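My plan is to start with the whole chain and then zoom in on a few spots.

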Amino acid sequence: MDGDGPRTPERLRCLVTGASGYIGGRLVPELLRAGHTVRCLARSPGKLRDHPWAGEAEAVRGDVTDAASVAAAMTGIDVAYYLVHSLGSGPGFEDTDRRAAEVFAAQAHAAGVRRIVYLGGLTPRDVPERSLSAHLRSRAEVGHVFLDGPVPATVLRAAVVIGSGSASFEMLRYLTERLPVMVTPSWVHTRTQPVAVRDVLRYLVGSAAMPAEVDRAFDIGGPDVLTYRDMMCRYAEVAGLRRRLIVPVPVLTPRLSSHWVGLITPVPASLAKPLTESLRHEVVCHEHDIARYVPDAPGYPLPFDEALALALRKVREAQVATRWSSAALPGAPSDPLPTDPDWAGGSLYEDERRRTVDASGADLWKVVEGIGGDNGWYSFPLAWAVRGWLDRFVGGVGLRRGRRDAQRLRVGDSLDFWRVEEIEPGRLLRLRAEMRLPGLAWLEMYVEEAEGRTRYRQRALFHPRGLLGHAYWWSVSPFHAVVFGGMARNIARAAAGTPPPRRSHPRTTAPGESP
């Protein structure tokens, strides 16, 4: 170091795509902390408004497949982060990924962007890309698009990312905690090189300031090379669990094992499949050149056991900033379906319940905002559980995604098989269904105070698609009195500090109140 002292880092203007997702939602505050300005490109900017950093970053509406919106978002940008992919959106997701990357690269060049930074997947060196899983093949192809383009690119390639709320960590956590004896697929003996999420973020932030002549991919990983079996055993040790007995069974294909993972863990089979397919081949780092541009401080990259301990501490302290489910699943049933007949577009079924509550609005809101996850849904737990099992059976997300935080919600949070679409603190919580349904569904919960009284209002809304949607509503409507009526009744009781009765008894209700 010369006598002029440390050089002040350049303040860069950064565009972040995927800011509602697991990595993007954590990268934004790290970039801000490093002194950069941040603009987020999102299909629904409203989903970002409740993040702690929302007031410090700009959010613009757009989609990476739409050249006009990407061009507008690129204006004045120095470094563009590409952290999106269309995994799970159907058999054509590879084409979608390629087109989106080509749009992004072209618009970055047109806007004079100095660097593109992309987080992809680590691929095996001795396996042709055509033999890789569609997931890894697509991630590799996107990296090639950026490296072949005119804008200097940094392509970071990671294997298993370990951090509180990551899909890989949740899969490892639930498999190990729930199964003291495991019959496992043969890929548990495949070697991989996990990396801590804080190291991934450190490399992403540091990549922004790379010299202009750097235009290449970098392997990033932690210091430990482990099999999945090793990782499960190490998790059990770090978490203080008894030693696990693991019996590999070679007949479990990636497709079968993805359903096995979906059955045991909150990660749905649609997401577990690409994760397990990626474990078929050994993926280890063949270089650590990233350290020439983003130097590692003593103790970094983090060892696997330390990364696990940090992730577990965040989970236990309810300090999980983002989760794998933070981003909406592409192609979720709650998305509009353009192939449905127009004649079904006008119907909207509604189930509304009202209760007078012997509690303050603040106490009622506390119950409303705390709903779901370990707190449950306040009515007929078996019915909710069965609905969750059925959803997972047909490839949906099921009821086990839980909550990011046990007490607080924000727009965009996943909540079991719902997602928070709107929240007005103290007044309204609107959830949009992400379970498999022949239509669109919402659940609204209102806290109303007037004339010294507190009232709870609850609305379940269903917009059917086609004849199947109408048939679905009428087939389940006989159960609404038990499920939704019980839910409203028990939420009111919980707010008043009264435990729900073990048995239901008839009672006289005021006009407009649900039985």
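Predicted model: local features only at pLDDT ≥ 70, side-chain atom pairs only at ≥ 80, totals over all residues.

**Whole chain first**

I counted the secondary structure of the protein chain and got 14 helices and 19 strands; these are DSSP runs numbered from the N terminus, helices being H or I with at least four residues and strands E with at least two. Residues are numbered from 1 along each chain as its sequence is written, and side-chain values use heavy atoms, with hydrogens and water left out.

I looked up burial next: of the 515 residues of the protein chain, 54% count as buried (under 20% relative accessible area, with a 1.4 Å probe and protein chains only; exposed is over 50%, partly exposed in between). For contacts (heavy atoms within 4.5 Å) between residues at least 6 apart in sequence, I noted that 74% join residues at least 24 apart.

**Helix 7**

Which residues are buried in helix 7? I found Tyr228, Met231, Met232, Tyr235 and Ala236, in a helix that covers residues 228–238. They sit on the same side of helix 7, because their arc around the axis is only 135° (taken from the directions from the helix axis to the C-beta atoms). Just after helix 7, I spotted Gly240 with a positive phi of about 75°.

**Aromatic rings**

I searched the whole structure and came away with 13 aromatic pairs (Phe, Tyr or Trp rings, using the six-membered ring of Trp, with centres within 6.5 Å; planes under 30 degrees apart are stacked, over 60 edge-to-face, the rest tilted). I picked Phe104 and Phe146: their ring centres are 6.1 Å apart and the planes are at 70°, so I logged the pair as edge-to-face. This pair links distant parts of the chain, with Phe104 in helix 3 (residues 93–110) and Phe146 in helix 4 (residues 134–148), 42 residues apart. I also checked their burial, and both Phe104 and Phe146 are buried. Elsewhere I noted one aromatic cluster formed by Tyr349, Phe462, Tyr472, Trp473 and Trp474.

**Arginines**

Arg216 has its charged end over the ring of Phe218, 4.2 Å from the centre (the test: NZ of Lys or CZ of Arg within 6 Å of the ring centre and within 35 degrees of the ring normal). For Arg457, I found the charged end over the ring of Tyr446, 4.0 Å from its centre.
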